[in-house]
Structure formats: C-alpha cells, structure tokens
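I opened the model today to look up a handful of local features and to write each of them down with the criterion behind it. My entries follow the order in which I looked.

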Amino acid sequence: MQGNRAVNEGNSAASFDDDLGCLLHELPLPVLVVRARQGWRLLYANDAARCHFGLVGRVVEQDLLQLVGDSERQALEAGASALIQADLTETKFAYRGGSGKPPCEAVLRRATWQRQPAWQLTLIPQQDAACPGRASFYEQMFNTNPAVKLLIDPVDGGIVDANDSAVAFYGYPLDVLKQLNITDINCMDPDEVRAGMAKAESCQQLFFEFRHRLANGEIRDVHVYSGPVLLNGHEYLHSIIVDVTDEKRYYAQLEAYNSLFHNLPVGIYRHTAGPRGHFTAANPAMLRIFEADSYPALFAARVSSFYACPKQIRAFMADLKRDGAVVRRPLRLRTMKGRLIHAEVTAYRQTEADGTAEFSGIVEDVTAQHAAQLNQDRLTHLLDASPDIVAIADAEQRVAYINKAGRELLGALPEALPDALATAHPLWACRLIQEQGIPYALEHGHWYAETAVRTCDGEIPVSQLIVARRDENGVLDSIATIMRDISQAKRYQAELEYHAGHDPLTGAVNRNRFIDLLTRERQKAHRESKPLSLVMFDIDRFKHVNDSFGHSVGDMVLSKLVRTCGALLREVDVLARWGGEEFMLLLPDTPLAGAVTLAERLRRAVEKENFSPVPGITSSFGVAELGPDEPESQCYKRLDEALYRAKDEGRNRVCMAESAEDVAEQPKAR
Ligand SMILES: Nc1nc2c(ncn2[C@@H]2O[C@H](COP(=O)(O)OP(=O)(O)OP(=O)(O)O)[C@@H](O)[C@H]2O)c(=O)[nH]1
C-alpha cells in the first residue's frame, strides 16, 4: 500500500483509486491516462511512464505533447485522429520513443477516468517480445511477490500461471492450479466472471469483489485487481488477489459495534484531559443528554462546563487518576441549555503513548429515576410517619412494602401475603379477608371492614381498607392495605355505650336500657316459650339514712346494695336502678316461684350486709311473672302494689304481686 501512496502523491490523491493504483503501479510498461480530446492533458502516469517521460512531482494537467519530440507528437496526434475518425475503441501505432529510448508500439484505448471519457496510452517496447531480460524481470516480480497473483488467459479464463503465494492461498499444487479455469475457483456465476474479465481486459473495470473457493472447500472474500498485461507477445489478465475475509468480518463487527453505540440510550464519550479538556468523540445520546445542537457545539465546549459543581469534577478526576480504574459516580451535570440533570457517570482514564491522558466513559441521565426515587422517599417518609399500618403486596401476593408502624407492630412479616395474613391477623380476621375482603376488592376496587391484628400483647381491633390495583390491561397489579388501630375508639365507644345505659352512681343498668333489654328478653321468652319475671325493690326508710348520715352516706349505701345484690345474680339477670332508691330486676327464664326465691335471697343478703356507719339496712321486694301478653305498664303496677304491700306489712319482706290473669279479670274502675 505504500507504493500506492507514492503514485497518489504525483496525481490527484483525492480522485485516484488505491486499488487501481496498486495494479498500475506494478506494470513495467509506461501507462498514461490523458483527457480525451483536450490536448493530451495528463490525468495519470504510472512509475514506468514517469521514468520514460522524465516526469517529476505533480503530473496532472501537464501537456504530454510538450514533453515529447516532434516525431512522437505527430505519432500521437495521428493515433488520436485514427481513434476518433474511425470511431475505434483501440488503435495501435509505432512510437519512436525519443532519444535513447527503444522504439515502442503505442496502444491508445478509449477509457473512463473518474467517470469522464479519457484515453489510456500504453507503450510496449518493440523489442519486449524478443527481450528475455524484460520477460524474466516480469516473471521474477510475479513469482517473488508476496501478493497472491494469477495470470489468466482472457480468452477462455484458464489459469496460465500462479505465484507461490497463490499456490499457498488456494491450496492446490501449481500444476493442478494451472489446469483450472478462473470460473472453477470463483463462486460467482461463470457468465458474470467472464463479463468481469472482459471489463478488466478493456480496462473498464479493474477492481472486483469476489468470493473464491479454496482447495479445502473454504470460501474466502477477496478483492481482485485485474488488468491486461502483454507478456511474450500475448495478452493476459494479471490478477492480484487480496484475501479480505477477516477484514470484512472485522468491518462487519465494527459496524455492528458502531450501530450499537450509535443507538444506545446512554451517552458514550471520550474527552481530553486538563482544564481545557473537551469531548473528542460522542454518540447521539450525548447530544440528547447535554441538549447540544450539534457535534461541533458539543466538542467546542469545555468538559468542565458540564459539571454543576467544580468540587465534584476535582473529586471525580482524583478518583480517575489511576489508569484502567473504572469509576462510577452519581454526578450533578449541567446541559448546554443550563438545565441541571442527575447523571450516573462511569469513566476510566487512558494514557496515550505520548503521555497525554484521555478519558472515556458512559453517561446515564437518571433525572427521571432520581425524581421518582425522591417521590418514593417522600412517600415512604410520610407513610413511615403514619400511625396506620400500610402494606403493599404484588400481584403474586408477595409483601412488597410495609411501613414503619407495620414493622413495629407486626415485626418482620413473611414474604407471601397469605402467610403474612395468617401471621398478622387472628384466624377469624384472616378468613374474613381471604374469603370476602380480597375477592370483593378485586371485583369492586376496594373493601372496608373492621378486622383485627395480632400483636405480642394480644389482638387489637383495626379498621381495614383493602385496595386492589389493576394495570392498564386490567390485570391485577397489587393489593394494598391500610389498617388503623381502633382500640381507643372502641374503648370510647364502649364507655359511651356504658354511660348511656348505666347509672353513674351504682353502675346498675338505667331505666331506659332496662326497658330496651326487657323488650328484647320478652321477645326471646315468647319465641322460646320461657317464663320471665320482674322484681321491684327499695331500701327501707332510706330517707332516714339521708337525714341522719347525710347524702353521701346514702349514696354509699345505694352503691353497696347494688354490689351485694349483683353478686348474687346470674349473668343473664339484669339489675336496673328504677329511680331514687328503687331498683328493678329482670330475670329471664325464671318463673314466679324462682323469682320469689331469688328476691328472698337478696333480702337476706342486704339484711346481713354491713353498711357501716348505717346500721340495720333492710329492703322490701315486690315480685311478679310477666304475663305473655301483659302490657308492661300493668306488670309495673302489679309490682308497685306488691312492694307497697311489703312496706305496709312491716318492710324487710318479699311480696308476690297479684297474678296477671287475676288483674285482667277485675272489672275496670269507673
Ligand atoms: N343519698 C341519696 N338519696 C336518694 C337518692 N335518690 C333518692 N334518694 C332519697 O331516698 C329517699 C326516699 O324516701 P322515701 O320515698 O320517703 O322512702 P323511704 O324513706 O325509704 O321510706 P320507705 O320506702 O317507705 O321505707 C328520699 O329522701 C330521696 O331523697 C340518691 O341518689 N342518693
């Protein structure tokens, strides 16, 4: 290839084809290319021609006719006019060669040079055929050349000769190779091969890309430089074959890498070192990330101008001091439009042979991820500050997130939601969530109910919201839950309910609640055909207690009475303060006799109780069984009358009320 350069220097380097030059440069015959019909202005001269015509330096546009003697000029002009007038593609004429040069046969051919019509002039010394020196020179060059060379008969494509490099390359012995036709080793259609040979012979095309088959069957990509040579009076095609298989593979790979880098969404760069360091290579993603209008704009800017903080660049460069050390850092960068971005930069430093340092790396714009992460951090911060338990499970019901309150209350949960539910909730709540909550939320979006969670201190009631989220395709994406500890609210509610239904002094049920409970119990008794009895009682001469010991002692007596009586009652019995020092007992599933027995037991208990400082506290009782259809007001009246009787008969006693039937039968007072 160095030879090509020598040829190019004397011609138009930009327009001269390296491959053609390689071939023509080797020709021992002077070859010239001149502009057709334009006064023999030179376009090209090979080394042999330069030598023949004494050309030095740049030859393009020199007038050939000025360089030759009269007789040669006349010969050339005659040849040209023969070519033009007879409209030939080629003409041959005698050419003297000038002083000290052998007479030649000149071959003037129509040719194309850089897509323009041109004439190619080849001088063949006349004594060449008879000159064994020239032939042996050519042969020597053919055989000793390390390039793979074939000599081909342009008429039938037979391989006439091959040099040692060709024998080694194709893998056939020379004699076998010489038996072959060029179409035997060229993978292309034989007609196309022959058409190529014709073009090479007429110098229309001298460079070809072929695929050649070797003796071992392997197929190699080759570049073929082929052109006519005259040897011992015969014209042959002289072909130089260059194996470019590996090069092609390398370029294909390089192209693949290039397109990979070109299309990567991350920026890839190379930049020089130092305070004036600037980018020297970048892929399109770099332009996008740094909002640069063009490569020149990006390359013109100093690398340091892209760093938002000078301290960061110093620290980063210090980290990159060691050659080969790959450093990845999150950096705050500034685009060419002044926008601040978050980036992850991975870089390394390389020291060139001349000692200069360069940096290469990858820039990932993570601004969007950073913003998303920030949002997530803020959300996590908020959720962690919440006293509510917040947990999220993915579509596979694996717990993906649980906030601080949840972690503290429940400890580390197992990964799978069903297992986590079983751990977090008591069995009943777990069933409720699995059987109702999740299916309902999947169908309707969300489900809300009161459930409970298990803690080390036991079960706490929670209000629970379950939200099912679906993705854009309607497929379940996640299940989230928020649980709020409602134990406090529950306590308040219970307290409220208690106060609404109980007497604050004694803790006995109040009159309103009693009436409610009586209604409920009556229905139950009716349904189950069970008896229901009521007992009305009060403290004897309680006014005297108040008067003698004061109101607070009176209150104490009332409270103690409730405690004393309450202790003797069943769970289902209801003790109510009916008003003042009057009380009422509701005794489910109790006939009149049972109620009387209980009342008697209570009377004795009160009598025995120590109400210090008040001595001798007693109580009187009226007992009645509620008739199945008896109005409650009538039963109260019966009780009142029975109690009155007990008082009347001397107090500290139990009196049965008149039966409901008897009362019903009495004629109504007018
Ligand atoms: N200390 C106190 N006294 C109450 C309360 N409610 C009612 N009393 C008093 O209870 C007394 C009831 O008196 P009376 O109805 O005359 O009945 P008594 O003195 O018990 O006489 P008998 O029932 O006939 O034995 C009144 O003096 C009321 O002021 C209360 O909550 N606390």
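**Ground rules**

I am working with a predicted model, in which local features need pLDDT of at least 70 and side-chain atom pairs count only at pLDDT 80 or more, while totals for chains, interfaces and linings use all residues. I number residues from 1 along each chain as its sequence is written.

**Whole chain**

I began with the secondary structure and found 24 helices and 25 strands in the chain, taking helices (H or I, at least four residues) and strands (E, at least two) as DSSP runs numbered from the N terminus. I then looked up burial, for which a residue is buried if 20 or more other C-beta atoms lie within 10 Å of its own, exposed if 12 or fewer, and partly exposed in between, with C-beta atoms placed from the backbone. By that criterion 30% of the 670 residues count as buried. For contacts I used C-beta atoms, placed from the backbone, that lie within 7 Å of each other; among contacts with a separation of 6 or more, 47% join residues 24 or more positions apart.

**Ligand shell**

Which residues are closest to the ligand? I noted Asp540, Phe542, Lys543, Gly554 and Gly580 as the closest of the 17 residues that surround the ligand, where a residue counts as near if its C-beta atom, placed from the backbone, lies within 6 Å of the molecule. Strand β21 (532-539) and the helices α20 (542-549) and α21 (551-566) each supply at least two residues of this shell. Sorted by class, the shell has eight charged, five polar and four nonpolar residues; here Asp, Glu, Lys and Arg count as charged, Ala, Val, Leu, Ile, Met, Phe, Trp, Tyr, Cys and Pro as nonpolar, and the others, Gly among them, as polar.

**Helix α9**

I compared the span of α9 (residues 190-201) with expectation: its 12 residues reach 16 Å from the first C-alpha to the last, close to the 16 Å expected at 1.5 Å a residue, the expected span being 1.5 Å times one less than the number of residues. I next listed its buried residues, which are Val193, Gly196, Met197 and Ala200. They lie on the same side of α9 because they cover an arc of only 100 degrees around the axis, the arc being that of the directions from the helix axis to the C-beta atoms. These buried residues pack against β6 (148-152), α8 (182-185), β8 (207-213), β9 (219-231) and β10 (234-243). After α9 comes Cys203, with a positive phi near 60 degrees.

**Helix α17**

The 18 residues of α17 (residues 427-444) should span 26 Å at 1.5 Å a residue, and I found the end C-alpha atoms 24 Å apart, which agrees. I also noted a bend of about 40 degrees at Ile433, the bend being the angle between axes fitted to the seven residues ending there and the seven starting there. Ile433 is itself one of the buried residues of α17, together with Ala429, Cys430, Gly437, Ile438 and Ala441. Just after this helix, Gly445 has a positive phi of about 100 degrees.

**Single residues**

Leaving out residues up to four places away in sequence, His271 touches Gly277, His278, Phe279, Thr280, Val303, Glu358 and Phe359. His271 and Arg302 are 31 residues apart in sequence, with their C-alpha atoms 9.5 Å apart.

Phe53, in helix α3 (residues 47-53), is buried, with 21 other C-beta atoms within 10 Å.

I then turned to the backbone of the loops. Ser529, in the loop between α19 (511-528) and β21, has a positive phi of about 55 degrees although it is not a glycine, and Ser529 is exposed, with 7 other C-beta atoms within 10 Å. Asp589, in the loop between β23 (582-588) and α22, has a positive phi near 50 degrees and is partly exposed, with 16 other C-beta atoms within 10 Å. My last entry is the cis peptide bond from Ser612 to Pro613, with omega near 10 degrees; Pro613 lies in the loop between α22 (592-608) and β24 (619-625).

Technical notes
Contact = placed C-beta atoms within 7 Å.
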